[in-house]
2 protein chains.
Amino acid sequence: MAVQIKSKDVAAMKPQEFRELVRKGEWTGHTLLACRNYAQNNLAIVPRDYAFEFLLFCMRNPRPCPVVDVTEPGSPHPMRVAPTADLRTDLPRYRVFKNGELVDEPTNVTKYWRDDLVAFLIGCSATFDWALRTANVDFRLLGAYTSNIQCVPAGPFYGPMVVSCRTFKTHEDAVRAIQIGSRYLVSHGPPIHIGDPSSIGIGDVTKPDQAVINPLPAPGASEVILTWGCGITPQTTALAAKLPILITHKGGHMFINDLLVEQTANL
Amino acid sequence: MAVQIKSKDVAAMKPQEFRELVRKGEWTGHTLLACRNYAQNNLAIVPRDYAFEFLLFCMRNPRPCPVVDVTEPGSPHPMRVAPTADLRTDLPRYRVFKNGELVDEPTNVTKYWRDDLVAFLIGCSATFDWALRTANVDFRLLGAYTSNIQCVPAGPFYGPMVVSCRTFKTHEDAVRAIQIGSRYLVSHGPPIHIGDPSSIGIGDVTKPDQAVINPLPAPGASEVILTWGCGITPQTTALAAKLPILITHKGGHMFINDLLVEQTANL
């Protein structure tokens, strides 16, 4: 690339501008701080034959899998939240699975596209993090974990809920986070658990499956840990079902839609 | 029936008790005041072949069509909101359509049931009315109307949004109703329109397609009219698509699920 683009530049961008950059292959990094205050989504693309049961799975598990948009079979355009976007090219990094095996981690999935593919955009914690920051809530995101909570199954889709933990220094901030989460149901809503995560199968919060920072400092004894459903859940579930083809974003490399976080409140 | 059951008796019943009564054919009347403070649902049953696009239609039009539960193909049990219920028998009156034509208005649909049928429970204004009454909001439900707002289509499903209008004597109560609606997204959420309904194609609010009382007194000049998406929308849309078979509840004869209205807040 001719010009080096920095994180602070993409943080200030509008979604259309950022997606254009990604589409041209000029940004292949993560999106965690891109397009400040705009909503981000997890992506899962499945064949039409599995789309009803996958949508059903998401509906039955709204905390980890809040559905934000679903495309027409064969169409890469999310008409509800970003009609000008192309989901084949507008995420910085994808993962392509065939029969449950990772076959590629490309920066676009144009060559894998088929007329029967249906794209699901699922709410993402990164959106909620913007909402917490905007409200001056002091928190630390610990990472993502596989809990011992089983999702409600649908067709071939079943398995444990992946969750994310955040820690709060004050009870006031923890309560405020629950209030704020209740407004953002499409970004995982309120937490699914309060307090010691070991009771939902998370033995050591300093060892997430996916860490944001590494090594992760342990929460202080007086901190409150809240656990939310995580948008990795629909991906791991679809993966376990060993679909003939499954396309997801790569962790941290999300889709950024046209909506300000605040526009998704009570949506 | 051996004993005459009165409206005030069913108002005090718990959902399981009321559904048992309905299942035995001992209550075939409307449900508008049954099981006080429990959530009611609209019903639409479609063949599996149409279920994905119908679910997609509902997801794309969440105000008129908030999805509360979807059954497994062939199963009449809504596992999320009333696992002990049987949707073939537990509503007081159904309507059965074949290729878009009404063929029956039975009190159960056991003989029409097929292994490929999928039942959708959709949020219902009656639930929201309980929430308003519980909050001491003074309002009058006018009725249901076909607006000139086109729903977002999905597959064979498209058409105008059916809406319901409520009138409020004070601005305070109208604002309170919007606040309360924002908590009950599965019961149509906030209104889709404020003020004069003629701008969304409703020429005369005293002449609804479905009136609650008849004749309907006109709202006073100082009253505020708010308009909500209505759960009749998915039914009229499915009907217009002339599915080989479509089963709905008969207007006013809803399904009552296990959840208190308050349990559906921020759900």
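What follows is a short chat about a predicted model with chains A and B.

Visitor: Start with the two chains. How many residues does each give to the contact?

Guide: The model is predicted, to be clear. Chain A gives 12 residues and chain B gives 12 residues.

Visitor: Which elements of chain A give two or more residues to that side?

Guide: Helix H3 (48-60) and strand E2 (67-70) of chain A do. H3(A) supplies the largest share, 6 residues.

Visitor: And how do the residues on that side divide into nonpolar, polar and charged?

Guide: On the side of chain A that touches chain B, 8 are nonpolar, 2 polar and 2 charged.

Visitor: What rotation superposes chain A on chain B?

Guide: A rotation of 180°, with 0.0 Å of shift along the axis. The RMSD is 0.0 Å. That is the relation of a two-fold axis.

Visitor: Which C-alpha of chain A is nearest the axis?

Guide: That of Phe52(A), 2.3 Å from the axis. Both copies use the same surface, too: 100% of the contact residues of chain A recur in chain B.

Visitor: Sheets next. What is the strand order in the open sheet of 5 strands in chain A?

Guide: The order is E8-E10-E7-E6-E9, and the pairing is antiparallel.

Visitor: Which strands stand at the edges?

Guide: Strand E8 (193-194) and strand E9 (210-211) of chain A. Each has a single partner strand, so one side of each lacks a neighbour in the sheet.

Visitor: How many bridges pair E6(A) with E9(A)?

Guide: E6(A), residues 139-150, pairs with E9(A) over 2 bridges, antiparallel. Ala144(A) has Gln210(A) of E9(A) as its bridge partner.

Visitor: Then E7(A). How many bridges does that strand make with E6(A)?

Guide: There are 8 bridges between E6(A) and E7(A), again in the antiparallel sense. Gln150(A) stands opposite Pro160(A) of E7(A).

Visitor: And how many with E10(A)?

Guide: E7(A) and E10(A) pair over 6 bridges, also antiparallel. There, the bridge partner of Cys165(A) is Thr227(A) in E10(A).

Visitor: What lies across E6, E7 and E10 of chain A?

Guide: Helix H6 (residues 232-240) of chain A. Against E7(A) this helix runs at about 155°.

Visitor: How about H6 in chain B? How many of its 9 residues are buried?

Guide: 7 of the 9 are buried, so H6(B) is largely enclosed by the rest of the structure. Among them are Ile232(B), Pro234(B), Gln235(B) and Ala238(B). Lys242(B) follows the helix, with a positive phi near 50°.

Visitor: Staying in chain B: which residues of H2 are buried?

Guide: In H2(B), residues 15-23, they are Pro15(B), Phe18(B), Arg19(B), Leu21(B) and Val22(B). Down the helix axis they fall within an arc of 155°, so they line one face.

Visitor: What do they pack against?

Guide: Helix H1 (7-11), strand E1 (38-47) and strand E12 (255-260), all in chain B. Just after H2(B) comes Gly25(B), where phi is positive at about 80°.

Visitor: Now E11(B). Which residues point which way?

Guide: From E11(B), residues 246-249, Leu246(B) and Thr248(B) point one way. Ile247(B) and His249(B) point the other way, and all are buried.

Visitor: How many bridges join E1(B) to E11(B)?

Guide: 2 bridges, with the strands antiparallel. Ile45(B) stands opposite Ile247(B) there.

Visitor: And from E3(B) to E11(B)?

Guide: Strand E3(B), residues 94-98, is joined to E11(B) by 4 bridges and runs antiparallel to it. Arg95(B) has Thr248(B) as its bridge partner.

Visitor: What does Tyr38(A) touch?

Guide: Leaving out residues up to four places away in sequence, Tyr38(A) touches Pro15(A), Ile256(A), Leu259(A), Leu260(A) and Val261(A).

Visitor: Where is Gln210(A) relative to Tyr38(A)?

Guide: The two are 172 residues apart in sequence, and 23 Å apart in space, C-alpha to C-alpha.

Definitions and conventions. Residues are numbered from 1 along each chain as its sequence is written. Chains are lettered from A and ligands numbered from 1 in the order in which they are written. This is a predicted model: local features need pLDDT of at least 70, side-chain atom pairs count only at pLDDT 80 or more; totals for chains, interfaces and linings use all residues. Two residues are in contact if their C-beta atoms, placed from the backbone, lie within 7 Å. Ala, Val, Leu, Ile, Met, Phe, Trp, Tyr, Cys and Pro count as nonpolar, Asp, Glu, Lys and Arg as charged, and the others, Gly among them, as polar. Two strands pair if DSSP finds at least two bridges between them. Axes are lines fitted to C-alpha atoms, for helices over the stretch in contact, and angles run from 0 to 180 degrees between N-to-C directions. A residue is buried if 20 or more other C-beta atoms lie within 10 Å of its own, exposed if 12 or fewer, and partly exposed in between; C-beta atoms are placed from the backbone. The arc is that of the directions from the helix axis to the C-beta atoms. Copies are superposed by least squares on the C-alpha atoms of residues with pLDDT of at least 70 in both.
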